[in-house]
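Subject: Handing over a structure

Hello,

I am passing this structure on to you, and I hope you enjoy looking through it. Please have a look at it first; my notes on what turned up follow below.

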Number of protein chains: 2
Amino acid sequence: MSDFQSDIKGFRVAGVHAGLKKDGVLDMAFVVSDAPCSAAGVFTTNQMKAAPVLVDIEKLTASQTGYRAVVVNTRSANACTGDQGVVNVLVMSTGVIGTHLPMEKIRHGIDLGSAGLAHDWEAAARGIMTTDTRPKFASTSVALSGGTVTISGISKGAGMIAPNMATMLGVIATDAILAPEAAQSMLASAARHTFNCIVIDGDMSTNDTVLMLANGASGVSVTSPDDLAAFNAALFAVSKSLAQAIVRDGEGVTKFITLNVQGAPDDAAAHQIANAIATSPLVKTAFFGKDANWGRIVAAAGRSGVPIVADRTQLWITAGSDLWLTDDSLHLFENGMPTAYSEATASAIFAEPDVSILLDAGMGGDGKATIWTCDLSYDYVKINGDYRS
Amino acid sequence: MSDFQSDIKGFRVAGVHAGLKKDGVLDMAFVVSDAPCSAAGVFTTNQMKAAPVLVDIEKLTASQTGYRAVVVNTRSANACTGDQGVVNVLVMSTGVIGTHLPMEKIRHGIDLGSAGLAHDWEAAARGIMTTDTRPKFASTSVALSGGTVTISGISKGAGMIAPNMATMLGVIATDAILAPEAAQSMLASAARHTFNCIVIDGDMSTNDTVLMLANGASGVSVTSPDDLAAFNAALFAVSKSLAQAIVRDGEGVTKFITLNVQGAPDDAAAHQIANAIATSPLVKTAFFGKDANWGRIVAAAGRSGVPIVADRTQLWITAGSDLWLTDDSLHLFENGMPTAYSEATASAIFAEPDVSILLDAGMGGDGKATIWTCDLSYDYVKINGDYRS
């Protein structure tokens, strides 16, 4: 999924150094289709939306067809692309709030990008990085009734340039033929279960955006229920890979946590419980300390606002990622009391880089949720508190 | 308010070393009335309530009169006081979840406390400390139509013993004659605007409790509307002092932030906005870094769930605590854009140990809220991640 190879038809990409960053570091990225595309987007729900988010929402509301490119710039969040008369292009920005784009450099970057379009997805992934430590790419192909289509994407996150937030950006391209409505509903569904299920620190950027372009170059339509289901699964896999990569490369992250909740009345309640645990500084610092502090997990669930049933709540931990209950899961908490678990076994699991948690809220419902999250380390405080010093 | 002197009538207190902690450190506290008291309590809303919380709720639900004492133990959160046949006593515990009380030591402590009851409120305040670095006490007297009454209290917070949460405890005593219903409604109101308006890290303990005893030893009844209002104001002042002391002594705290929100449709919406800002790790690390990162404050407000109006939102900062808009306030953000403020002035304000923030949500309503909070420092991560190492 992440070897940066993509034979996706009819797309060319580029990552260039426009001069927004120093020392030749790539600072703009381009994903360009040879043919007009169906486009879909999901955006931050923050009330303080950045200009490029408003621009894209306005464009996609007016029409979801005819797009040719996504252009991403770093170092400035506050794009003013309307002045340039750029049409059929969706935009993304990440960087400093309240500064205007240095338009000379942007124009230079656009010239370089236009001249350099090719198939180097790693360069494109590097071109959208801020404080990310590595480029993020995922790609998969799926056989449908009419032939094979490919889905490829890049993402960034986990970075912050003063005084902006950690912005999450994703660009997904496919050579399938997709109706705009299908593209939008499948992207929204995939994002709901992947990009919207990752927690670094609980904050939400003014710029978070995931865009998808479908250029149809494969000649394969996605219309039958079976094909839609297969495409949906492939899009979910690419989105999950891109989203998990953001958590693993989160600011100061030393541990990757899969947080599963079941036994809630509905999925929304389960998500609310999982989010309370994932955003708890006490839980996150315990993970950093490799300390089997399960009491903090249960207590965070208890304050989530969902009326979990204390004496029917259960908790298991398992070494590894993306695991629910396995033969190796350690049962820590049952009937409102700790089990007679082995402290040494618990400590050994918490010492692993990947840990899966399963909390049963004891409410007897079918609601469940998964959130991928991370610990809270000295380096998080350093990156976000000390970066000017 | 905090010189540990109290002439409150008919109460005796003690802080003793029962042997729960090492090296003679005070580890139990007693607040005892010579006469039976009206009692009131406010408790954690966490679904995972600790045993002493359940015991107190059960007792106060059965009767709010006839109480003689509050007993507090540290080092174990899971009191089993029912077994002891202690009646007319309310209990508080803070310490390790899942361990039973060492009853021999508790009995020894009760013997010591009974023998040592006096007027040393500092010892009582020290007896409830966990990782608090200093004892917390507040007292005030208020002249009513029938004479003068006194309100004194102790609090603790901001501490954590593995694997328990940072528990907030408060005990307030008054020599006024209070009907149980009035005591409960005034304590609930004071707590709502003080103890429930402080944020260290957004987590909520399984043990949080504030109890009030009114023994009537002053012979002064609080019944007329004027007297009730005057008593209410005095109780608010004591509660605010105790609550603010908890924030100032928070784990790793280097900065005390007064966070005011106005221009919301109602107080609940204003509180929701303030809470989103106060629990934002990005905002808290920026305060730690003494960085005028106002963009993080506005963005946190934007994701609070309240539909604030981006282009009517305003932000001011002021050096000092408990300040709204003053002549010295610096206007940072207006009409969705930064003002032409002086970066040097902004940095100087953020470098102060006490900073007041005022955010106008631009929604035109009368709703407002205040939350007192703090920064997120290396020491917070150290205390909560590394304490076993």
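Let me start with how chain A is divided: domain 1 covers 11-248 and domain 2 covers 256-385, with the bounds coming from an automatic or database domain assignment.

Before going on, a word on the model and its numbering. This is a predicted model, in which local features need pLDDT of at least 70 and side-chain atom pairs count only at pLDDT 80 or more, while totals for chains, interfaces and linings use all residues. Residues are numbered from 1 along each chain as its sequence is written, and chains are lettered from A and ligands numbered from 1 in the order in which they are written.

The two domains of chain A

The centres of domain 1 and domain 2 of chain A, taken over C-alpha atoms, are separated by 32 Å. Where the two domains touch, 11 residues of domain 1 of chain A are in contact with 11 residues of domain 2 of chain A (contact: C-beta atoms, placed from the backbone, lie within 7 Å). On the side of domain 1 of chain A that touches domain 2 of chain A, β8 (198-199) and α5 (225-248) of chain A each supply at least two residues. Helices (H or I, at least four residues) and strands (E, at least two) are DSSP runs, numbered from the N terminus. The most comes from α5(A), which gives 4 residues to that side of domain 1. By class, that side of domain 1 has 7 nonpolar, 3 polar and 1 charged residues. Here Ala, Val, Leu, Ile, Met, Phe, Trp, Tyr, Cys and Pro count as nonpolar, Asp, Glu, Lys and Arg as charged, and the others, Gly among them, as polar.

Within chain A, helix α6 (residues 267-278) packs with helix α8 (residues 294-302) at an angle of about 130°, their axes 8 Å apart. Axes are lines fitted to C-alpha atoms, for helices over the stretch in contact, and angles run from 0 to 180 degrees between N-to-C directions. α6(A) and α8(A) are therefore oblique to each other (under 35 degrees counts as roughly parallel, over 145 as roughly antiparallel, 65 to 115 as roughly perpendicular and the rest as oblique). Ile273(A), Ala276(A) and Ile277(A) of α6(A) make the contact with Ile297(A), Ala300(A) and Ala301(A) of α8(A). This contact of α6(A) with α8(A) has 6 nonpolar, no polar and no charged residues.

Another packing joins the chains: helix α7 (residues 281-288) of chain A and helix α10 (residues 378-385) of chain B lie with axes 8 Å apart, at an angle of about 70°. That makes α7(A) roughly perpendicular to α10(B). Leu282(A), Thr285(A), Ala286(A) and Phe288(A) in α7(A) meet Val381(B), Asn384(B) and Gly385(B) in α10(B). The residues of this contact of α7(A) with α10(B) divide into 4 nonpolar, 3 polar and no charged.

Strands

Chain B has an open sheet of 7 strands with mixed pairing, in the order β8-β15-β10-β14-β11-β12-β13 (two strands pair if DSSP finds at least two bridges between them). β8 (198-199) and β13 (337-338) of chain B stand at the edges with a single partner strand each, so one side of each is left without a neighbour in the sheet. β8(B) runs parallel to strand β15 (residues 367-374) of chain B, joined by 2 bridges, and Ile198(B) stands opposite Trp372(B) in β15(B).

In chain A, β12(A) and β13(A) form a hairpin with 2 residues between them, and Asn335(A) in the turn has a positive phi of about 55°.

Best wishes
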